[in-house]
Amino acid sequence: MKRALLVWSLVGLCATATVQADAIVGQTAPAFSATDSNGKKHTLADFKGKYVVMEWTNSECPFVKRQYGDGLMQALQKTYTAKGVVWLAINSSAPGQEGYIKPLQAAKIIKKQAAHPTALLLDSDGAVGKLFGAKTTPHMFVLDPTGKVIYAGAIDDTPTTQATAKVGKNYVQLALNEAMAGKAVTVATTQPYGCGVKY
């Protein structure tokens, strides 16, 4: 019981950022442009015709550490990029804030995590994060091939930093599986949890 209260206290303390959300489920995602850790520029238009997952991340956040420490996020990345899904990890930490990274650091983090995103976008001015209304790390968005937002919210239904905690339902996996099978997404919006994005 004490552990559960501690986790929810962490969620309450961390997820306090107030951001205007322009990425609304059922509507076209806002256009953006950002540079990845390799110096390559990406725009949303580049991915037209493909499913896109957008994952807000911060390697110093305990909720992110739990996802990567257990191999949960990497498994999703590997599974769905193999199916042609574009997976964009996005770091919106500002200079001087927790989780801020430069390109060389980003490459080391990806290697250490054994991560498999299509690209890690460095959004240190917070432009993309604020455009989408990203509040936490992780905060997940799934876009369909037309660019419409079909899911926004938490990665799963297990808001914990505890390693090897059993996950009941992974919302991103559920949304992708249903959408790619031609079905409606049954859970399109959830409350994101984690550390507040460090704008």
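**Entry 1: the cavity**

I began with the largest cavity and noted that helix H4 gives the most to its lining, with 3 residues. I record here that the model is a predicted one. I then looked up which elements give two or more residues to this lining, and found strand S4 (86-91) and helix H4 (103-113). The lining is made up of 13 residues in total. Among those nearest the centre of the cavity I noted Thr57, Ala89 and Gln113. The structure holds 1 cavity of 30 Å³ or more.

**Entry 2: the aromatic pairs**

I examined the pair of Phe32 and Phe132, which is edge-to-face, at 5.9 Å centre to centre with 75° between the planes. Where do the two residues lie? Phe32 is in the loop between helix H1 (2-14) and strand S1 (33-36), and Phe132 is in helix H5 (residues 127-132), so the pair ties together parts that are 100 residues apart in sequence.

**Entry 3: burial and the cluster**

Phe32 has 6% relative accessibility and counts as buried because the cut-off is under 20%. Phe132 is buried as well, with a relative accessible area of 0%. I then followed Phe132 to Phe141: the ring centres are 5.5 Å apart and the planes stand at 75°, so this pair is edge-to-face. Phe141 is also buried. Finally, I noted that ring pairs link Phe32, Trp56, Phe132 and Phe141 into a cluster.

How values were computed: Residues are numbered from 1 along each chain as its sequence is written. This is a predicted model: local features need pLDDT of at least 70, side-chain atom pairs count only at pLDDT 80 or more; totals for chains, interfaces and linings use all residues. Side-chain values use heavy atoms; hydrogens and water are left out. Rings of Phe, Tyr and Trp (its six-membered ring) pair if their centres lie within 6.5 Å; planes under 30 degrees apart count as stacked, over 60 as edge-to-face and the rest as tilted. Helices (H or I, at least four residues) and strands (E, at least two) are DSSP runs, numbered from the N terminus. Buried means under 20% relative accessible area, exposed over 50%, partly exposed in between (1.4 Å probe, protein chains only). On a 1 Å grid over the protein atoms alone, a cavity is a set of points where a 1.4 Å probe fits but cannot get out, and a pocket is an open set with protein on both sides within 12 Å along at least five of seven lines; lining residues have an atom within 4 Å of a point. Grid points are joined across faces, edges and corners, and a volume is the space filled by probe spheres set on the points.
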